[in-house]
Amino acid sequence: MKILLIIDMLNGFCRKGFPLSLEDSTTKIENEIISRIREYRRNNFPFLFICDSHTMNDPEIHNPYPPHCLEGTIEAKIIDKLLPFSSEENIVRKNTLSIFFNTDLDERLSKESIEEIEIVGVCSDICVHYAAYECTIRGFKTIINDQGTLPLFYNQEREIHRMKKILNVSTVKECPMPNNT
Ligand SMILES: [Zn+2]
């Protein structure tokens, strides 16, 4: 079974005016993510939103990151465009860069007998990069969607290259959906 993980598509990263807002517009990746969600639905494959949600006591607050995506704030909310695809059941909240630490993601993946994980969202130089590493070391076939991710600081092409080279991930083009093969 294959799953789509949608990482940190929150106002605090994807909309302007917040401490960790991306400089680039996320419109293009939002459209790609919606088309991936639709494709996963068509194939009866699951998808999950992984969402930063902090308290001021979390270890990464102030070091290295400024306070951001505090729980219950507009920053920590999924962007309006993707909100209709989310429900309490398909949201996993995290309070570090790790998508597994302090979350029930491991359990959810094993319940669904997941073998392949496609990652979309932000940021390809931070959270997405660590997520790809964490999925890879757990033995999942890890797929990065280069059209569905964006970096915070660095260059997207470089980040995709780094993940391919350092983490041995695949890209979507190399891994079509089973019904398209
Ligand atoms: Zn955070």
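Reply: E116 is partly exposed, because 17 other C-beta atoms lie within 10 Å. The scale is simple: 20 or more other C-beta atoms within 10 Å is buried, 12 or fewer is exposed, and in between is partly exposed, with C-beta atoms placed from the backbone. This is a predicted model: local features need pLDDT of at least 70, side-chain atom pairs count only at pLDDT 80 or more, and totals for chains, interfaces and linings use all residues. Residues are numbered from 1 along each chain as its sequence is written.

E116 sits in strand β4. Strands (E, at least two residues) and helices (H or I, at least four) are DSSP runs, numbered from the N terminus. Setting aside neighbours within four places in sequence, E116 contacts K2, F140, K141 and I143. A contact means C-beta atoms, placed from the backbone, within 7 Å. Q147 is 31 residues from E116 in sequence and 18 Å away in space, C-alpha to C-alpha.

Now the sheet. Six strands form an open sheet in the order β3-β2-β1-β4-β5-β6, paired in parallel. β3 (91-94) and β6 (170-171) are at the edges with a single partner strand each, so one side of each has no neighbour in the sheet. Two strands pair if DSSP finds at least two bridges between them. β1 (residues 2-7) and β2 (residues 47-52) pair in parallel over four bridges. I6 has F49 in β2 as its bridge partner. Helix α2 (residues 27-42) packs on the sheet and touches β1, β2, β4 (116-122) and β5 (141-150); its direction makes about 140 degrees with that of β5.

Next, α4. Its buried residues are C127, V128, H129, A131, A132, E134 and C135. They pack against β1, β4, β5 and α5. Just after α4, G139 has a positive phi of about 90 degrees.

How do α4 and α5 meet? The axes of α4 (residues 127-137) and α5 (residues 156-167) come within 11 Å and cross at roughly 20 degrees. Axes are lines fitted to C-alpha atoms, for helices over the stretch in contact, and angles run from 0 to 180 degrees between N-to-C directions. The two helices are therefore roughly parallel; that label covers angles under 35 degrees, while over 145 is roughly antiparallel, 65 to 115 roughly perpendicular and the rest oblique. H129, A132, Y133 and T136 of α4 meet E159, M163 and L167 of α5.

Definitions and conventions. Two residues are in contact if their C-beta atoms, placed from the backbone, lie within 7 Å.
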